Amino acid sequence: MTSAPSTKRMREEATCSICLNLMSDPTSVACGHSYCGQCIVDFLNNLRQSQVLQNTFPCPQCRAPCSQESLRPNKQLGNLIEAIKEMEQGMSCKEHGEQLQLFCEDEGQLICWRCERTSQHQGHTTALVEDVCPKYREKLQKAVTQLRQLEEECMDQKKVITMQITEWKEKIETQRQKIRCDFETLQSFLQKEENSYLWRLEKEEKQVLKRLQDGQASLEKQSQELRSQIQGLEEKCQSQAQQVLQDVKGTLDRSWAVKLEAPEVFSLEVLTTCNVSELYFDVKKMLRSYRVDVTLDPVTAHPELTLSEDRRQVTRGWPQENLAASPRRFSALPCVLGCESFDSGKHFFEVDVGEGTGWDLGVCVESVQRGFGVKQKPQSGFWAIRLCRKRGYVALTFPQTPLYLSQQPLVVGVFLDFEAGVVSFYNMSTGAHLFTFPKASFSDTLRPYFQVYHCSPLFLPPPGE
């Protein structure tokens with residue numbers, strides 16, 4: 001949109017320097033200056049009357065010599081003048097045809113001097129356009145600032161929604177993997193239950209995602225509307241005075257009335273959970289059919305570990321003296337192995353971890369390294385899970401896998417299928433599956449493995465309990 005200074009300069013360029021009005025039928029002379037066609041003709045006629053007109057004449061503006069033959073109509077300038085006239089007519093009073101040079105504060109509209117004298121504006125506060133325009137420019141700029149703040153707030157909320165969508169998808173994926181892993185360990189008669197839970201989780205995911213995406217779409221629409229209004233206000237601010245003030249109060253009222261509609265706020269908690277206590281009853285029964293009576297091997301116990309007389313409980317304390325040296329004893333980490341060894345078949349044992357704050361348990365290759373530099377991972381012959389203060393529950397894969405457990409297991413079951421290469425862990429309080437390591441290929445003898453932390457004793461219940 002053309003600004004007021006630009007329009008003023010265009011009018012000056014299109015003004016005839018002889019009659020000082022917009023040129024009519026603009027005609028150019030040799031030096032490049034232009035005049036009204038009639039004005040230059042009258043100028044030449046006056047020269048003829050006052051002196052003998054030669055073949056050349058001085059330009060009325062720069063006095064450069066020009067020939068009469070150089071007179072040419074300037075059509076491009078004529079088109080520009082018509083455009084200027086159209087613009088100026090658009091800012092004239094429709095009723096009186098006068099220039100809209102006044103602004104009525106009461107009505108919030110542009111008026112001419114004749115409008116001011118009518119009964120409609122009698123007693124109203126009026127001012128020259130040039131005097132009142134700066135005040136409304138400032139108000140329009142404040143409106144722009146407010147809308148920009150709303151746009152920034154809108155963008156921030158869009159970012160929050162985007163993060164919530166990502167977080168929600170990650171939670172859904174975590175829950176989906178857990179449910180799938182749970183049901184993969186069940187017998188075929190639980191397949192229908194798995195499909196049912198996954199269907200409900202899928203439905204919940206779509207419902208919540210739709211609500212989140214609806215909020216995202218609403219914010220995007222509001223953002224576009226805000227940008228459009230900001231652009232319109234900025235263009236209005238750059239317009240000539242009459243256009244700035246044209247319906248300015250209505251424009252400001254509409255701008256101030258804009259409010260940001262915040263998206264719906266709701267909890268991102270997964271409601272579809274699998275209550276496995278009843279479903280896993282038969283699984284626990286199946287697991288315990290492979291139960292073995294595991295006791296602790298004192299020859300492998302680290303010096304800081306103390307075993308009970310029946311070798312079913314181990315605690316960690318101060319280093320013990322006068323222990324027989326043995327290459328089978330762990331010297332770097334506070335670990336101990338079970339006496340039993342497995343080189344085939346299916347085996348299951350339980351460990352009472354109580355409310356301890358730290359432990360490792362699982363199986364390991366009988367020949368694992370027991371001194372410094374021990375790395376507890378499958379590549380080094382360890383298949384175990386851990387509870388620690390810093391990271392919570394993790395599976396000792398490489399890299400480690402976080403375990404997001406809904407309940408704290410008090411008794412952990414360890415299941416080994418040697419031929420299948422499977423090591424799985426269960427919460428025996430509820431029967432819930434905790435983790436299964438990726439399929440391995442066992443070639444060496446395996447033994448129960450335990451790492452003991454301070455104030456977190458471990459107990460191996462007898463098979464009858």
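This is a predicted model: local features need pLDDT of at least 70, side-chain atom pairs count only at pLDDT 80 or more; totals for chains, interfaces and linings use all residues.

Biologist: What do you call a strand, and when do two of them pair?

Modeller: Strands (E, at least two residues) and helices (H or I, at least four) are DSSP runs, numbered from the N terminus. Two strands pair if DSSP finds at least two bridges between them.

Biologist: OK, how many bridges join β1 to β2?

Modeller: There are 3 bridges between strand β1 (residues 26-28) and β2, and the two run antiparallel. Serine 28 sits opposite serine 34 in β2.

Biologist: Where does serine 70 lie?

Modeller: Serine 70 is in the loop between β4 (65-67) and β5 (72-73). With 15% relative accessibility, serine 70 counts as buried. Buried means under 20% relative accessible area, exposed over 50%, and partly exposed in between (1.4 Å probe, protein chains only).

Biologist: And what is serine 70 in contact with?

Modeller: Leaving aside neighbours within four places in sequence, serine 70 is in contact with Ser28, Val29 and Ala30. Contact here means heavy atoms within 4.5 Å. As for tryptophan 168, that residue is 98 residues from serine 70 in sequence and 80 Å from serine 70 in space, C-alpha to C-alpha.

Biologist: Switching topic: which residues does threonine 251 touch?

Modeller: Not counting residues up to four places away in sequence, threonine 251 touches Leu140, Leu233 and Lys236. Threonine 251 is in helix α8 (residues 248-256) and is buried, with a relative accessible area of 13%. The C-alpha atoms of threonine 251 and leucine 140 are separated by 8.6 Å, although the two are 111 residues apart along the chain.

Biologist: Now strand β17. Why is it largely enclosed?

Modeller: Because 7 of the 7 residues of β17 (residues 411-417) are buried, the rest of the structure largely encloses the strand. Both faces are covered: one side has Val411, Gly413, Phe415 and Asp417, the other has Val412, Val414 and Leu416, and all are buried.

Biologist: Which strands pair with β17?

Modeller: Strand β12 (residues 346-352) is joined to β17 by 7 bridges, running antiparallel, with phenylalanine 349 opposite valine 414. Strand β18 (residues 422-427) also pairs with β17 in the antiparallel sense, over 6 bridges. Valine 412 has asparagine 427 in β18 as bridge partner. β17 and β18 make a hairpin with 4 residues between them, and glycine 421 in the turn has a positive phi of about 70 degrees.

Biologist: Where else can I see a hairpin?

Modeller: β14 and β15 form one, with 3 residues between them. Strand β14 (residues 382-388) and strand β15 (residues 392-395) pair antiparallel over 4 bridges, and leucine 387 stands opposite tyrosine 393.

Biologist: What about the greasy middle? Which residues touch the most other members of the largest nonpolar core?

Modeller: Trp359, Leu361, Ile385, Phe425 and Phe450 do, in a core of 47 residues. A second, separate core of 45 residues includes Cys133, Cys154, Leu209 and Leu268. A nonpolar core is a set of buried Ala, Val, Leu, Ile, Met, Phe, Trp, Tyr and Cys residues joined through side-chain atoms within 4.5 Å.

Biologist: Nice. Last one: where is threonine 295?

Modeller: Threonine 295 is in the loop between α10 (281-288) and β9 (305-307). Threonine 295 is buried, at 17% relative accessible area. Residues touching threonine 295 include Asp310, Leu337, Cys339 and Leu460, not counting residues up to four places away in sequence.

Methods
Residues are numbered from 1 along each chain as its sequence is written. Side-chain values use heavy atoms; hydrogens and water are left out.
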